[in-house]
Amino acid sequence: MKKFLLILVLAGMCAGAQAQKEAAWAENTFFMSAGVGGAFYQHSGTSQMGIPAGGLYIGRWLMKPLAFRIAGDVVMAPSYYQNGGSENSLFLMGSAEFMWDVNATFFHVYNKTFQYPFPFYPLIGLGVAYRPAGKVDTTAFGADHDFQAMLGLHMPVRLGSRWDAFLEYKCFFLPQTFDGSYENNYMHTAMVGLTRRWSDNPYSRRTAFESRSTSDDWFAGFGAGMSFSSFGFEHMFDGVGRLWIPTPEGMFGRNYSNVWTIRFELSGFFARERYQQIDDTTGRTGRWYTYNYLHADFMLNVSHLMNFNRGVKWNFLPYLGAGPIVRYSSRPMFTVAADAGVMARRYIDQMGDFYVDLKYVMAPPRFAGSTGVSGGIFSVGYPMLTLGYLYNFGHSTTRYRMPVNSTQK
């Protein structure tokens, strides 16, 4: 639930940006979607079909390539406890999701029935999953609820000035112990549906301080720092367990406006499992493992949120993101994690920035090998503090502009 609330906080920050709302969004950018279809449920080495599945989504385009939406998905499928039988259980998924229009990012294509070269919107979501109590024959099983993360793809076709038809695929990554499962747990859904938009093309006119050319405002960066293998922040400052580990990172992204930035980052590399206490005086350091986390982060530049001021060199960008996380050695595993943080970026010159990045990567406890002190699923993760350099490609029109009549070199 904490991840879900963090994303809602970001939405609330956007809603408060009345002083410069054109830079944060355009008017009449709300939309509503509904879909129906089926599901494919994988758990404990088995898989079963589920029918029906449905979804209801309410969202808003934050800028031309990026939308935020609240999603509710419902699936009827056999529970782990009903495996092989004819009975079904109800599964409910609530998510906060980001939707990215790739065509608008790279090709500036809009208002065509089939948006060339091909219409597809990647989806990233975080939220909760719930299965009510049920029974198999006369044997009852209890309700279950847990964290879930989602990756998907939304493919629209325009029907008119306000309506789209769509085909949508989602893969929900569920915790290993959810619904009684003891292995990797995935819920796949495929749906067709309709979208009602409040405006035909709210971004037909570019707003002030928005990137003008597809080739402008891209950046790449590299940094390094320290990462902590956290289990409820146990032994964070006492030096026990050797849980602080050097970590590098690399990133690539674009400043779409003075307010919105999207980046892709590769984090992680090294971590330890939880420190094990043997008795009152001795302990055993958790074993090493290697991993990588490839995440998309949606960043909000609060330094320019209320007004764009020339000559401002420090920019502060809180962000939220998610993506696949892979563990390579000792318990190989593939799942999805989430992250939240803030990056401080300091202008050096037209080509470069210095940055400091503080983030917390939230991983499923089974990925790190143990739960935290409290036993909660949100207490396990990797706090990271890194320093680095950003190189800006081409023209940089959104992050910094010199003051009028400045003689700065």
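Tutor: Let's start with what Thr189 touches: setting aside residues up to four places away in sequence, its contacts are Gly38, Ala39, Val75, Glu168, Tyr169, Lys170 and Phe172. Keep in mind that this is a predicted model. Thr189 itself belongs to strand E10, which covers residues 185-197. Is it buried or exposed? Its relative accessibility is 2%, so Thr189 counts as buried, because the cut-off for that label is under 20%.

Now hold that up against Phe252, which you'll find in strand E13, residues 244-255. Phe252 has a relative accessible area of 40%, so it is partly exposed; that label covers values between the 20% limit for buried and the 50% limit for exposed. If you skip neighbours within four places in sequence, Phe252 is in contact with Trp218, Phe219, Ala220, Arg263 and Phe264.

Okay, zoom out. The protein has four helices and 21 strands, and E10 with Thr189 is one of the strands. Of its 409 residues, 52% are buried. Look at contacts between residues at least 6 apart in sequence, and 67% of them join residues at least 24 apart.

Note on methods: Residues numbered from 1 in each chain as written. Predicted model: local features only at pLDDT ≥ 70, side-chain atom pairs only at ≥ 80, totals over all residues. Heavy atoms only, no water. Helix = DSSP H or I, 4+ residues; strand = E, 2+ residues; numbered from the N terminus. Buried < 20%, exposed > 50% of the residue type's maximum accessible area, 1.4 Å probe, protein only. Contact = heavy atoms within 4.5 Å.
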